[in-house]
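Good morning, colleagues. Please look at the sequence and the structure on the screen, and I shall then take you through several features in turn.

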Amino acid sequence: MSALPTAALAKDREVSIGLQAAITSMDPHYHNLSPNNSMMLHMFEPLIRRDANQKPVPSLATSWRAVDDLTWEFKLRKNVRFHDGSPFTAEDVVFTLKRVPNVPNSPSSFATFTKPIVDVKVVDPHTIVFKTATPHVLLPSDLASVLIVSKGAGEKAATEDYNSGKAAIGTGPYKFAEYVPNQRVVLKANYGYWGGEEPWDKITFKILTNPAARVAALLSGDVQMIETVPTSDIAKLSKDPKFNLVDKVSNRVIYVHLNQSTEKSPPFVTDKSGKPLEKNPFRDARVRKALSMGINRDAIADRIMEKKAVPAAQLLPDFFYGTSKKLKPARFDPEGAKKLLAEAGYPNGFAITIHGPNNRYINDDKIAQAIAQFYTRIGVDAKVETMPSAVYFTRATKLEFGYMVLGWGTESGEQGSSLRSLLATYDRNKGMGVTNRGRYSNPELDKALTIALVTMDEKKREALIQQAAEIAMNDTALIPIHYEVSTWATAKGLRYEARTDQYTLASGLKPAK
Amino acid sequence: MLAYTIRRFGQSFIVLVFMSFLVFVGVYAIGNPVELLVNPQADEAERIRATAALGLDKPFLEQYWGFLKGAAKGDLGKSFVFNVPALTLILEKLPATIELAFVAMVIAISLGIPLGLVAGLKPDSFIGRGIMAGSIMGFSLPTFWVGLVLIMIFSVHLGWLPSNGRGETVLVAGIPVSFLTMDGIAHLAMPATNLALFKLSLLIRLTRAGTREAVLQDYVKFARAKGLPQRRVIGVHVLKNILIPIVTVIGLELGSVIAFAIVTESIFAWPGTGKLLIDSINQLDRPVIVAYLLVIVSLFVVINFVVDVLYSLLDPRVRLGGAAAAH
């Protein structure tokens, strides 16, 4: 008789979760990709973790400080054990930093985050000092992306050994149980976890890339939670008392880059008769502003996104680090936009083709269509051409388009890094403007960002980034459309702590009280 | 027969080489995989490193030559995304797809031929018309819609069958199969039915047309006049004569079911190669795309060969290749 309640209890502590994208590896340093990073956080931990709002909080490090401009001291957590029972010490951190840039065949490595560190000193098993060549205030933020692996298990291990589970030894709340690429990941609870007891004994993540299949799996009870509920099913699920829906604005902004790389017409921009223009209209701030005012962001958020989007004024929602509360989304004002275009010398408008992906962001092709329709009201003829992301991004990077709908997720949770990637003057070797497909260039903005990068005082630094954001956005350096809102649906009786980074973490899924 | 086989496979080999070249050119033209794989925040050094790690820094022809050299040794390259040999990735998924395709074809054949015979023998009866009406539905309803309706009925409302995935497997001759376990059958039932529906309708129509033509032939009338029982007239005289086109179509369709079960696989999250192919195309994972198409072309070659052999068994007048040429 006594066996019965235990068995029932054990079953209750099992959960299945439907994920939208494949996990390409169980090696935490192989592929810097959101779905992987989210999955790895179950088994491995960074020195500094990001909470549901992407604020940095202590994880394997208990405290950290900048000793001087080039030196950082981290105190490590004591009494932490890896899944195999070995203790966690500074040696594991040293080993991890060595391994990160040297993972063979990595299609997207984490070396970007460890590169600024030029020297590591182990003071004692729980104190470690990092040296950088130049002042690097983002070090704590960078290290939040680097997961610590065990030296003992990882020393001779290759990516295959992580995939097989042999080397997948971390300090995290869950342990490796099974990995079948493109199909499922099974994890078991790590009962010795330093952070206390977790809600689940066993978690099965199923890869359900088809949105309808994901919803069907939830409806039929095959999984108890799904991520990224398709917008068309949100209304139905939110009315159904058997399910709970949670959502949260994410760190992903959908925006438009305007190609300013050419003196004359950029590609796919002409006058209304199809002839190239004498000047590149996108180099005129008034034209950029008009194109921003010509978009009805509220209508896109309400109708196309089923309210699962928030009109955007900058690159991150304004509760993130480095965002300015002064910036507000451009108001829809077709008359004002027309006036601005006339002032800039285009009283009759011009013609553009809006390019965008059709399988990358939520409703990406419909957003492009909507923008084209709004533009007829400001006298700009807009055609729409969308294509699979496999084709689109290669061509966009080659600047083959004029008006590009794009998206950007800020994994670091601080606006400085997005401004640097998207709007600083393009210089790939310096790591500035690496994804600046608009080739916007503003010395004032570059200056603010460069100073911010070496300003160690947090308050001063944030003020500088806010200032940079205001410079860029008041100049309409790009056109922000909206922030995507991520949604999760759970079976009734469960509640998920929604996150801004769109991660799906079993630790955040708990029985509702 | 031997000469025929050798020539047949020689031709197939040329097809394989030619196709691998086309795929290489195609993927090269679509886009740059590094663009999709590398984190957008990465700097130039990281891009250069990733390009080199994937071997994409070499000139196009050198990349293709490297592939050919590897292929000669049975190495079709490593997946850009998963970092495992592309062939391993595919062979791991292939049993699931082949199982699904075979079960679907078994359903289609075992129902399609008898139903088609009935409809052909009694074209004007209520049953005959009912079967034909049903086959029109099977033709015209889109696969993904039928799949979703099946899930809504049997998983969501009735709760009888699981909505996704493959069930428990057992090893038969080293290959994992799921149709021998109860759990496996429960998982297999809906996707196999879904996949079978179109082929079933096709076979019904084909069998019916053949039957209607055959029953009017003199040899059938003669067999009847001889007083042969109905069962023998239909089973031997009618069926055997109409089987040639049916076997051809079954062969072709089996190939296409294996190669293009993509829609069904993604709706039911069936862990087969179709899903793998779509994901690989979206990610421009060239080694997997190339390896997949090579495997599928090889499969078609084998199936067509088996079909040819079956012809000669069904119709003694058909002689395989070499003999015919010698006439």
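This is a predicted model: local features need pLDDT of at least 70, side-chain atom pairs count only at pLDDT 80 or more; totals for chains, interfaces and linings use all residues.

I begin with chain B. B:Ala269 counts as buried because 27 C-beta neighbours lie inside 10 Å, and the threshold for that class is 20 or more. B:Ala269 is placed in the loop between α11 (262-267) and α12 (273-283) of chain B. Its backbone deserves attention: phi of B:Ala269 is near 45°, a positive value in a residue other than glycine. As background, most residues other than glycine have a negative phi.

A:Thr476 has a positive phi of about 45°, although it is not a glycine. Where in chain A does A:Thr476 lie? A:Thr476 belongs to the loop between α17 (458-474) and β20 (479-491). Is A:Thr476 buried or exposed? A:Thr476 is buried, because 22 other C-beta atoms are found within 10 Å.

Next, a loop residue with contacts that I can list. A:Ile169 sits in the loop between α7 (159-163) and β10 (174-180) of chain A. With 24 other C-beta atoms within 10 Å, A:Ile169 is therefore buried. Which residues does A:Ile169 contact, once neighbours within four places in sequence are left aside? They are A:Phe82, A:His83, A:Asp84, A:Ser150 and A:Ala153.

I turn now to the domains. The domain assignment of chain A gives domain 1 (6-207) and domain 2 (250-485). Taken over C-alpha atoms, the centres of these two domains are 34 Å apart. Across their boundary, 10 residues of domain 1 are in contact with 11 residues of domain 2 of chain A. On the domain 1 side, the touching residues comprise three nonpolar, five polar and two charged.

Finally, the interface between the chains. How many residues of chain A are in contact with chain B? There are 41 residues of chain A, and they are in contact with 44 residues of chain B. On the chain A side, α4 (111-114), α8 (211-219), α14 (389-397) and α15 (415-422) each supply at least two residues. Of the elements on that side, α14(A) gives the most, with six residues. By class, the side of chain A that touches chain B has 16 nonpolar, 22 polar and three charged residues.

Thank you for your attention.

Terms used. Residues are numbered from 1 along each chain as its sequence is written. Chains are lettered from A and ligands numbered from 1 in the order in which they are written. Helices (H or I, at least four residues) and strands (E, at least two) are DSSP runs, numbered from the N terminus. A residue is buried if 20 or more other C-beta atoms lie within 10 Å of its own, exposed if 12 or fewer, and partly exposed in between; C-beta atoms are placed from the backbone. Domain bounds come from an automatic or database domain assignment. Two residues are in contact if their C-beta atoms, placed from the backbone, lie within 7 Å. Ala, Val, Leu, Ile, Met, Phe, Trp, Tyr, Cys and Pro count as nonpolar, Asp, Glu, Lys and Arg as charged, and the others, Gly among them, as polar.
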